[in-house]
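Let's take a walk through this one together. Have the viewer ready, and we'll go piece by piece.

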Amino acid sequence: MHRQECEKTKRLETELLLEAIFRRYGYDFRHYARASLARRLDMQLRRQKLAHISELIPVLLHDQAAFDLFLLDMSITVTDMFRNPHFFQELREKVIPKLKTWPYVKIWCAGCATGEEVYSLAILLQEEKFYDRCQIYATDYNNRSLAIARDGIYGLDKIKNYTANYNKTGARGSFADYYHAKYDGAKMNEGLKRNIVFSHHNLATDSVFGEMNLILCRNVLIYFDQDLQNRVLDLYAESLCAGGFLCLGAKESLQFSSVADTFDPVSRKNNIYRKNYARTEGVLG
Amino acid sequence: MAEQYRTVVIGASAGGLTALATILSRLPQNYPAPVVIVQHVKEEGTDGYRAVFLGKRCPLPVKEAIDKEPLKPGIVYLAPAGYHLLIEEPGPLPLSVAPPVNFSRPSIDVLFESAAAVLGEQLIGVILTGANSDGSRGIKKIKEYGGYTMVQDPSEAEVPAMPLAAIECADIDAILPLERIGGFLAGIDGPAIPLATTTTHKTKTS
């Protein structure tokens with residue numbers, strides 16, 4: 001019984017904290033999946049040597065620097081370049097040929113974090129000799145992550161793994177051609193950035209900013225509860241042109257969402273979807 | 001002992017696949033609880049195979065969990081390689097790509113600790129063979145929150161490190177060989193476990 005009371009109190013404290021953060025800073029974590037959030041908050045408490053979640057409220061409300069760090073912790077994900085190589089192979093073989101039928105293509109990497117996925121995509125588009133007709137919008141709510149993404153410098157220790165992944169994507173070149181190694185870092189070629197715009201966008205609060213042909217959002221929705229997932233998927237459905245593509249993470253699914261009917265599966269294994277033409281209300285409709 | 005258990009969570013590592021097959025083969029059809037499993041796996045993309053392998057040996061459907069899918073009784077859910085699997089209230093199963101815990105993703109501690117917080121004394125936690133100590137913190141929390149804790153007898157485990165770490169960490173309720181863990185969970189061997197017969201989790205109404 002006592003434990004249950006503790007958990008109940010913890011849930012209450014979490015709600016108060018998230019409400020406080022939202023009203024003070026405008027960052028809305030109120031619809032983040034609670035179990036993962038609880039783990040991250042526990043980590044915060046251990047690090048700051050605090051006993052209760054409610055003690056975080058004064059710290060985060062009054063200390064901007066502490067909040068910035070908190071924000072960074074909240075958005076830490078461990079991702080790779082060319083994560084799930086088979087997905088990139090399918091992107092190359094099934095999606096890019098279709099994208100090429102448009103004269104100009106806009107791509108949104110939503111929740112791009114530190115940018116590994118964005119550079120993977122840029123390399124792929126370049127190899128398919130299509131990059132000059134593309135504009136990539138890479139967005140994240142976390143400015144520190146965006147700064148890392150903009151720099152495009154990754155640990156040299158990871159390059160071996162990235163190279164192995166790259167080689168499994170039906171690669172046409174050598175991964176070493178796309179970065180310069182110096183000290184213990186690998187800097188992605190400046191040329192890869194030429195058609196990428198990095199900018200701040202918060203999926204929980206911001207809205208559509210342009211019509212897209214392809215949206216990449218892998219392993220981002222899993223942080224959200226179902227309400228917020230549906231909100232974001234609505235946003236994607238609205239952003240995509242008819243026939244536009246949506247790529248989700250391998251273990252994410254539209255199956256349990258409100259927009260399931262708006263999309264047709266292109267690859268069930270890699271969760272690639274295409275917005276159907278039939279349901280789109282055109283200017284004549 | 002609590003009156004009703006609603007969910008079973010199992011953690012396994014090295015040697016886990018055969019151990020899981022032994023346990024799952026003993027569970028009856030229409031098992032009244034969901035069974036949620038974290039088994040450490042190295043490579044991504046090996047997912048489909050494990051579910052098929054275990055599904056052939058278990059009367060219940062076995063599947064890789066998809067993010068936010070409803071948790072249903074009588075189904076065995078496996079954490080996909082490269083994702084943490086958690087349990088939260090209400091029902092739907094969340095996945096996460098937060099950093100590895102105990103060098104593992106999925107991590108047994110992540111599943112067990114989240115499940116204990118939500119299910120308390122309605123939870124059964126089982127630790128099987130393995131070469132590390134993931135799951136120890138989790139099984140301790142399950143015990144603290146009034147759940148029932150079981151560990152595979154280290155003397156018969158293919159790799160005893162994980163069971164031994166769990167036993168050292170918490171006051172385990174039952175230390176049994178694999179064969180009996182299966183029977184125990186099925187309620188036909190050892191102390192009977194009264195399982196709920198109704199739907200285990202409310203699905204969220206929107």
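Which residue of strand 2 of chain A stands opposite A:Lys106? Turn to strand 2 and you'll find A:Gln135 there. Keep in mind as we go that this is a predicted model.

Strand 1 is joined to strand 2 (residues 134–140) of chain A by six bridges, and the two run parallel. On the way from one to the other there is helix 6 of chain A, residues 116–127, and strand 1, helix 6 and strand 2 together make a right-handed β-α-β unit. Strand 1 also pairs with strand 7 (residues 212–217) of chain A, again in parallel, this time through three bridges. If you want a landmark for that pairing, look at A:Trp108, whose bridge partner in strand 7 is A:Ile215.

Now for another sheet in chain A. Strands of a sheet pair through backbone hydrogen bonds, either parallel or antiparallel. Here, three strands form an open sheet in the order 3-5-4, and the pairing is antiparallel. Strand 3 (153–155) and strand 4 (179–182) of chain A each have a single partner strand, so they stand at the edges and one side of each has no neighbour in the sheet. On average, neighbouring strands of this sheet are turned by 30° against each other, ignoring direction. Strand 3 meets strand 5 (residues 185–188) of chain A through three bridges, and one pair to pick out is A:Tyr154 with its bridge partner A:Ala186 in strand 5.

What lies across these strands? Helix 8 of chain A (residues 156–167) lies across strand 3, strand 4 and strand 5, and it runs at about 90° to strand 3. Follow the chain onward and you come to A:Ser174, in the loop between helix 8 and strand 4 of chain A. Is A:Ser174 buried or exposed? A:Ser174 has 10 other C-beta atoms within 10 Å, and a residue with 12 or fewer counts as exposed, so A:Ser174 is exposed. From A:Ser174 to A:Ile159 the separation is 15 residues in sequence and 12 Å in space, C-alpha to C-alpha.

Step back and look at chain A as a whole. Where the domains touch, nine residues of domain 1 are in contact with 11 residues of domain 2. On the domain 1 side, that comes to five nonpolar, three polar and one charged residues.

That leaves chain B, which has six helices and nine strands. Of its 206 residues, 56% count as buried. Take the contacts in chain B between residues at least 6 apart in sequence: 71% of them join residues at least 24 apart.

Finally, see how the chains meet. Chain B puts 27 residues in contact with 22 residues of chain A. On the chain B side, strand 6 (95–96) and helix 3 (108–119) each supply at least two residues, with helix 3 giving the largest share, three residues. By class, this side of chain B has 15 nonpolar, five polar and seven charged residues.

Methods. Residues numbered from 1 in each chain as written. Chains lettered and ligands numbered in written order. Predicted model: local features only at pLDDT ≥ 70, side-chain atom pairs only at ≥ 80, totals over all residues. Pairing = 2+ DSSP bridges. Helix = DSSP H or I, 4+ residues; strand = E, 2+ residues; numbered from the N terminus. Axes fitted to C-alpha atoms, helices over the stretch in contact; angles between N-to-C directions. Contact = placed C-beta atoms within 7 Å. Buried ≥ 20, exposed ≤ 12 C-beta atoms within 10 Å, placed from the backbone. Right-handed = clockwise from strand over helix to strand, strands pointing away. Nonpolar A, V, L, I, M, F, W, Y, C, P; charged D, E, K, R; others polar.
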